[in-house]
Amino acid sequence: MKRHRDIQKLAYELFEKSGRCHGREIEHWLEAERIIQAREMDRHAADTEAAAVKKHVPRSDVRRHEPKKTVRTKKTK
């Protein structure tokens, strides 16, 4: 329901910006739908990115796996 109200409000704003030109209601409505959908997609992408960053473990917390050093001893006779 909120999405419908947002589209309605934006369509009216587009109507006013076009000089209150009547007869273009469908055009304004479709443009408002497109803009709202783009905003929702941007918001979803930002939320997804934020969640991915939140799960990321900083490199300083990751133990580096170094190969074990072997100590060579001299052979005795």
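How many helices and how many strands are there in the protein chain?

## Overall make-up

The protein chain has 2 helices and 0 strands. The model is a predicted one. Of the 77 residues in the chain, 12% are buried. The chain exposes about 7900 Å², and 54% of this area is supplied by carbon and sulfur atoms.

Helix 1 contains 16 residues. From its first C-alpha to its last it reaches 23 Å, which is close to the 22 Å expected at 1.5 Å a residue.

Which residues of helix 1 are buried? They are Ile-7, Leu-10, Ala-11, Leu-14 and Phe-15. These residues lie on the same side of helix 1, because they cover an arc of only 150 degrees around the axis.

## The nonpolar core

The largest nonpolar core is made of 7 residues: Ile-7, Leu-10, Ala-11, Leu-14, Ala-32, Ile-35 and Ile-36. Two elements each give two or more residues to this core, namely helix 1 (2–17) and helix 2 (25–55). Helix 1 provides the largest share, with 4 residues.

Ile-7 is one of the core residues. With neighbours within four places in sequence left aside, Ile-7 is in contact with Trp-29, Ala-32, Glu-33 and Ile-36.

## His-28

His-28 is placed in helix 2. Is His-28 buried or exposed? Its relative accessibility is 6%, so His-28 counts as buried; the cut-off for buried is under 20%.

Which residues does His-28 contact, leaving aside its neighbours within four places in sequence? The partners are Ala-11, Leu-14, Phe-15, Ser-18 and Cys-21.

## After helix 1

Just after helix 1, Gly-19 takes a positive phi of about 85 degrees. Arg-20 is located in the loop between helix 1 and helix 2. Arg-20 has a positive phi of about 55 degrees, although Arg-20 is not a glycine. As background, most residues other than glycine have a negative phi. Arg-20 is partly exposed, and its relative accessible area is 46%.

Conventions:
Residues numbered from 1 in each chain as written. Predicted model: local features only at pLDDT ≥ 70, side-chain atom pairs only at ≥ 80, totals over all residues. Heavy atoms only, no water. Core = buried A, V, L, I, M, F, W, Y, C linked by side-chain atoms within 4.5 Å. Buried < 20%, exposed > 50% of the residue type's maximum accessible area, 1.4 Å probe, protein only. Contact = heavy atoms within 4.5 Å. Areas by Shrake-Rupley, 256 points an atom, 1.4 Å probe, with all protein chains shown as cover. Expected span 1.5 Å × (residues − 1). Arc of directions from axis to C-beta.
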